[in-house]
Each structure stands twice: as C-alpha cells, then as structure tokens.
Amino acid sequence: PLSVGIGLICLSLAIFWLAVRATRQAQLRAVFTKEMPQSLVTTGPYAFVRHPFYTSYLTFWLGLAFASWSVIGAALFVSTFVIYWRAAGAEEAKFMTTEMAEAYREFAATRSRFFPPFL
C-alpha cells in the first residue's frame, strides 16, 4: 500500500502541474464565488477530465489513504470527494448560464468530472 500511495501522490503532482500549464492564459475563477467563468480550457489534462485540479487533489488524498492504510485516510478521501463533487457542480452550473453554455455542454458530454473513463 505504501508504494501505491507514493505513486498516486506523485501522479497527483504531475496532473496538478499539467493543469497549471494548460490554464496559464485562462482567467479561472475561485470556486464558491459569484464570479462567472471567462474561458473554457480544453487542452492538457482537460482533454480527459472536466476538473483536472480536483482530479489532482483527489488523487493526492487517495494516495494518502493508501500510504497511511488507515480509516482516517479513507475518511479524508471520501469527505474531500464530496466537497469537490459539490464544487464541480457549482462551477458547471455557472458555465450553463454563460454564452459558453453550448460549448460547455459539448465539452462535458465527452469527459467525466474527475477520472477518465479508461481508469
């Protein structure tokens, strides 16, 4: 379990930095604010999932759960999954009220929220 956990934590870092690279020019908004999205990123890890930052965070927490092999680690993963699921839903609802709604609908139809379907 420890080596799997460390591998997942390393993977989470890679996903995070790829998402940073893909969003350098985008004007991303903080979650749970009233600010509306200004751009739709579809490159980098966004080619596989709709929310790669959350994917990286969840992969980290999953890695921690494996590395610690504890109920607390598992509980942290589950609780953060719920938080990120709600955050992603709120962000997606905002997109649906912008001029990018149709583009986002098409984008969302071809990608899962957090984990690529091939996993």
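In this tour, buried means under 20% relative accessible area, exposed means over 50%, and partly exposed lies in between (1.4 Å probe, protein chains only). Helices are DSSP runs (H or I, at least four residues), numbered from the N terminus. The model is predicted, so local features need pLDDT of at least 70 and side-chain atom pairs count only at pLDDT 80 or more, while totals for chains, interfaces and linings use all residues. Residues are numbered from 1 along each chain as its sequence is written, and side-chain values use heavy atoms, with hydrogens and water left out.

**Helix 1**

Select helix 1 (2-23). Its 22 residues should span 32 Å at 1.5 Å a residue, and the end C-alpha atoms are 32 Å apart, which agrees; the expected span is 1.5 Å times one less than the number of residues. Next, colour the buried residues of helix 1: Gly5, Leu8, Ser12, Ile15, Ala19, Val20, Ala22 and Thr23. They cover an arc of only 160 degrees around the axis, which puts them on the same side of helix 1; the arc is that of the directions from the helix axis to the C-beta atoms. On the face turned away from this buried side, find the exposed residues Leu2, Ser3, Trp17 and Arg21. The buried residues of helix 1 pack against helix 2, where contact means heavy atoms within 4.5 Å.

Move to helix 2 (52-68). Helix 2 has 17 residues and reaches 24 Å from its first C-alpha to its last, close to the expected 24 Å. Which residues of helix 2 are buried? They are Pro52, Phe53, Tyr54, Thr55, Ser56, Leu58, Thr59, Gly63 and Ala65, and they pack against helix 1 and helix 3.

Just after helix 2, select Trp69, which takes a positive phi of about 45 degrees. Then select Ser70, in the loop between helix 2 and helix 3 (71-95). Ser70 counts as partly exposed because its relative accessibility is 29%. Its side chain is joined to that of Ser68 by a polar contact of 3.1 Å (a pair of N or O atoms within 3.5 Å; within protein, one must be able to donate a hydrogen and the other to accept it, and residues adjacent in sequence count only if both atoms are side-chain atoms).

**Lys94**

Finally, select Lys94 in helix 3. Lys94 touches Ala30, Thr33, Lys34, Glu35, Met36 and Pro37, not counting residues up to four places away in sequence. A polar atom of the Lys94 side chain lies 3.2 Å from the backbone oxygen of Glu35.

Note on methods
Helices (H or I, at least four residues) and strands (E, at least two) are DSSP runs, numbered from the N terminus.
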